Amino acid sequence: WQSVRRQSPQRGGRAAMMGSVDGRAVQLSSNRSPGPGRRSPVGRVVQSVAIEDDETSDEDEDEEEERPAAAAAGGGGDDFFAGPPPLDSSLIGTPLAPSLLAASLAAPLPPPVTPQEDGAEDGEPTEEDRQEMFRMRLNVINEIIDTERGYVEDLGIIINVFLFPVRTMDLLPEADVKALFSNIEDVEPIHKELLSRLQDKFDTRKQGGGAAHDVVIADILQRFFHYFKLYSVYAADHERSIALLDELKVKPKYKDFANFLKKCVRSNRCRGQNLHSYLIKPIQRLCKYPLLL
């Protein structure tokens, strides 16, 4: 307490006592002494502050006693004051045990369960199963050859029905013809030869008395797939080719070209398909080989 005794100019003889409690300014003033049995304002303030300090110190002591007990019990205490648990020196250098997931992944897989039918021993396929596999393999071989034949016909339509007449009748400039059909003339001979090799090997196997499902065509496909790199040029030009086709059909300058395309669609050889449909076929065929195999 720091007190300053001052004289009030309005009311002489009045004494003022200034002080602070917990940072708050307090002004106590009195112009008379307290009577018997009465306590002065200063005494009342000092006593109330002293009582509050005693209660606060008691609460702090109770909290100090409760924190170690709560920490030892493992919960309920203030985490801010709780220190880290003591380190067990015996665990230093001890490798951690693997998790259950890692242990299950590292465990060897159980042997596959093979259903055994009547007449089958040690999981070997029955004669009925083998015949079914032979039938399915023969169907795949026939589908590869038949779809290859249809694709070669589509390539012939693109070249013989569309490309050659457009170039011969001079319906478009040569630059537009190349941009429209890209390198389709380089792609067609590859598939003609591929179809010929597949068909010859299949026919030779059948004529030799062997089973048709035993014919091996993987060596032929592997040899010709190397030439499929030419499709990178065709695929790169395809989007521009379609955009150019749409542009040329609406230009009055190339009205004869637009009329020619309409005649082709009505022809029996095109089977009602337009040039758009045929130009996308090489892209579609290339994507079908992984599905067929």
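The model is predicted: local features need pLDDT of at least 70, side-chain atom pairs count only at pLDDT 80 or more, and totals for chains, interfaces and linings use all residues. Numbering starts from 1 along each chain as its sequence is written, and side-chain values use heavy atoms, with hydrogens and water left out.

**Whole chain.** Color by secondary structure. You will find 10 helices and three strands. These are DSSP runs: helices are H or I with at least four residues, strands are E with at least two, numbered from the N terminus. The order from the N terminus is β-β-β-α-α-α-α-α-α-α-α-α-α.

Now show the surface. The chain exposes about 20,700 Å², and carbon and sulfur atoms supply 54% of that. Areas come from the Shrake-Rupley method with a 1.4 Å probe. Of the 293 residues, 26% are buried (under 20% relative accessible area; exposed is over 50%, partly exposed in between, protein chains only).

**Select S182.** S182 sits in the loop between helix 4 (174-181) and helix 5 (184-207). Its side chain makes a polar contact with the side chain of N183 at 3.3 Å. Such a contact is a pair of N or O atoms within 3.5 Å, one able to donate a hydrogen and the other to accept it; for residues adjacent in sequence, both must be side-chain atoms. Leaving out residues up to four places away in sequence, S182 touches V177, V233, Y234 and D237 (heavy atoms within 4.5 Å).

**Select the cysteines.** The structure holds zero disulfides (cysteine sulfur pairs within 2.5 Å). For C264, the nearest cysteine sulfur is that of C270, 5.2 Å away. C264 is buried, at 5% relative accessible area. End on C287: it is exposed, at 51%.

Terms used:
Buried means under 20% relative accessible area, exposed over 50%, partly exposed in between (1.4 Å probe, protein chains only).
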